[in-house]
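Please look through the model below before reading the points.

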Amino acid sequence: MSARSRKRTKSAGSAFGQGHALWFPARFLSIWLIMILVLSAWPSSESWAIGATVESLRLVLLAAGGHPVAEDGMIQAGGVSFRIVSDCTPLMPTILLGSGILAFPATWRWKTLGLAAGALAMWAYNLMRVLALFVVKGRWPGAFDFVHVYVWQSATLLVVFMLFLAWIGARARWERSRTRGPVMAADAAVSTAAGR
């Protein structure tokens, strides 16, 4: 590919990116608002998320050799008990991540992949977060509120942001690898033709 055509492609890509960047916040907020309204219209989704979080925690604690007891949104293990509420589930962080993915200019294939991988990653992160809170509550009960409210909520926002950036980066690497093949083939053909 010649320097002139590379420059043309780069400038066209920059204009494309700037246009989408200007509209991204509006699309993100619109999608986020719609998802929140849908969630509030179906409160059973929150109940499902609470039940699934409790059951997941029970299974992880059981696999770790504990003797957890789970009932009506409560989970107890090793003398520590928690009531799991909607904020203890990965529901809201997943909606935040999903809003970013859906608002970003990408193919539906990449959006679907990002939504699925992001939901699984947020679920795993949330389980780790609640398990860490079990340890904090059992060993340092005085630090529990600070860790629960400030440390983990801030960390959750950071994880959502990092997952979003990881998805953008993976998509960009895939796009580069897809276009690198034809460009290299075209350059090789030009070199071969010039050598004749």
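Which element supplies the largest share of the lining of the largest pocket? Point 2 gives the reply.

1. Basis. This is a predicted model, in which local features need pLDDT of at least 70 and side-chain atom pairs count only at pLDDT 80 or more, while totals for chains, interfaces and linings use all residues. Residues are numbered from 1 along each chain as its sequence is written, and side-chain values use heavy atoms, with hydrogens and water left out.

2. Largest pocket. The largest share of its lining, six residues, comes from α5. Helices (H or I, at least four residues) and strands (E, at least two) are DSSP runs, numbered from the N terminus. α3, α4 and α5 (144-195) each supply at least two residues of this lining. The space in the largest pocket is about 410 Å³. Its lining has 19 residues, and Asp87, Met92, Pro93, Gln153 and Thr156 are the closest to the centre. By class, the lining of the largest pocket holds twelve nonpolar, five polar and two charged residues. Nonpolar here covers Ala, Val, Leu, Ile, Met, Phe, Trp, Tyr, Cys and Pro; charged covers Asp, Glu, Lys and Arg; the others, Gly among them, are polar.

3. What a pocket is. On a 1 Å grid over the protein atoms alone, a pocket is an open set of points where a 1.4 Å probe fits, with protein on both sides within 12 Å along at least five of seven lines; lining residues have an atom within 4 Å of a point. Grid points are joined across faces, edges and corners, and a volume is the space filled by probe spheres set on the points.

4. Second largest pocket. About 320 Å³ of space lies here. Of its 18 lining residues, Met35, Leu91, Thr94, Ile95 and Ala119 lie nearest the centre. α3 gives the most to this lining, five residues. The lining of the second largest pocket has 13 nonpolar, five polar and no charged residues.

5. Sheet. Three strands form an open sheet in the order β1-β2-β3, with antiparallel pairing (two strands pair if DSSP finds at least two bridges between them). β1 (69-71) and β3 (80-83) are at the edges with a single partner strand each, so one side of each has no neighbour in the sheet. β2 (residues 74-77) and β3 pair over four bridges; alanine 77 has valine 80 in β3 as its bridge partner.

6. Serine 86. This residue is in the loop between β3 and α3 (91-103). Serine 86 touches Glu46 and Ile50 (heavy atoms within 4.5 Å), leaving aside residues up to four places away in sequence.
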